[in-house]
Amino acid sequence: MAKAQETAADTAEEPTGGTDEVTGRGPRRIAVLLGVAALAYVLDLLSKIWVVTSLEGHEPIDVFGSYLRLEAVRNAGAAFGFGQGMTIVFTVIAVTVVVVIARIARKLHSVPWAIALGLLLGGAFGNLTDRVFRAPGFLQGHVVDFIAPTHFAVFNLADSAIVCGGVLIVLLSFRGLDPDGTVHKD
């Protein structure tokens, strides 16, 4: 009987909040990833609704003098206005990012990686929503951009989330932290 209990305990899943003594990894961090993604997506969506209803068709709003303005712009390209006219390509890339993150999430045991991937996922969904539902049509919609620093491209919160997530991934990679929670020294 004791032997059967030990075997059952050995094959049981990790306790919530604990660490697997064999691998050194804690529980999967999918809830963190999804929470960050949802927050990034909702903030982006709400900001775009505000821009379309309150800013489109009006004069730009100066936030910090001439250094930063809020200005409604429809963008057929990628982040920060690059790649105009390649809307379908960027739609496919966004869908691919979502699929890759879903695959990585199965092995996700790192909170910093969950945050980074959540930012990427939320940003990708934010801009993908525009490409699917905004004019000129399905999978060709133009993204709503509105943050306009002087001498820089106009962007939105989804673009910001994508860039911040990408920078965090680079930093985590330099530190040797993998999505599965292991740390390696090269």
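# A guided tour of a predicted protein model

The protein exposes about 11100 Å², and carbon and sulfur atoms supply 67% of that area; accessible areas come from the Shrake-Rupley method with a 1.4 Å probe, and for residues only the protein chains shown count as cover. The structure is a predicted model, in which local features need pLDDT of at least 70 and side-chain atom pairs count only at pLDDT 80 or more, while totals for chains, interfaces and linings use all residues. Residues are numbered from 1 along each chain as its sequence is written, and side-chain values use heavy atoms, with hydrogens and water left out.

## The whole chain

Please begin with the entire protein in a cartoon view. Five helices and three strands are present, in the order α-α-β-β-α-α-β-α from the N terminus. Helices (H or I, at least four residues) and strands (E, at least two) are DSSP runs, numbered from the N terminus. Of the 186 residues, 35% count as buried; buried means under 20% relative accessible area, exposed over 50%, and partly exposed in between (1.4 Å probe, protein chains only). Among contacts between residues at least 6 apart in sequence, 63% join residues at least 24 apart, where contact means heavy atoms within 4.5 Å.

## Confidence

Next, colour the model by pLDDT, the predictor's confidence in each residue, from 0 to 100. The average is 83, and 80% of the residues score at least 70. Select residues 1-17: pLDDT stays under 50 there, and the model has six contacts beyond four places in sequence for this stretch. Residues 19-24 also have a pLDDT below 50, with five contacts beyond near neighbours in sequence. Which helices have the lowest and the highest confidence? Helix H1 (residues 2-11) is lowest, at a mean of 40, and helix H2 (residues 30-55) is highest, at 97.

## Helix H2

Select residues 30-55. The end C-alpha atoms of H2 are 36 Å apart, which agrees with the 38 Å that its 26 residues should span at 1.5 Å a residue; the expected span is 1.5 Å times one less than the number of residues. Now show the side chains of the buried residues of H2: Leu 33, Val 36, Ala 37, Ala 40, Asp 44, Ser 47, Lys 48, Val 51 and Leu 55. An α-helix has 3.6 residues a turn, so residues three or four places apart point the same way. After H2 comes Gly 57, whose phi is positive, near 85 degrees.

## The sheet

Select the three strands, which form an open, antiparallel sheet in the order S1-S2-S3. Strand S1 (61-62) and S3 stand at the edges with a single partner strand each, so one side of each is left without a neighbour in the sheet. Two strands pair if DSSP finds at least two bridges between them.

How many bridges join S2 to S3? There are six, and these strands run antiparallel. S1 and S2 pair over two bridges, also in the antiparallel sense. S1 and S2 form a hairpin with five residues between them, and Gly 65 in the turn has a positive phi of about 55 degrees.

Move on to Asn 75 in strand S2 (residues 68-75). Is Asn 75 buried or exposed? Asn 75 counts as buried because its relative accessible area is 4%. Its side chain makes a polar contact of 2.9 Å with the side chain of Asp 145. A polar contact is a pair of N or O atoms within 3.5 Å; within protein, one must be able to donate a hydrogen and the other to accept it, and residues adjacent in sequence count only if both atoms are side-chain atoms.

## The loops on either side of S3

Select Arg 134, in the loop between H4 and S3. Arg 134 counts as buried because its relative accessibility is 19%. Its side chain joins that of Asp 130 in a polar contact of 2.8 Å. Beyond four places in sequence, its contacts include Lys 48, Arg 74 and Val 144.

Pro 136 is found in the loop between helix H4 (111-133) and strand S3 (143-149). A cis peptide bond, with omega about 15 degrees, joins Ala 135 and Pro 136.

Finish at His 151, in the loop between S3 and helix H5 (157-175). His 151 is not a glycine, yet has a positive phi of about 60 degrees. Most residues other than glycine have a negative phi, and most peptide bonds are trans. His 151 counts as exposed because its relative accessibility is 82%.
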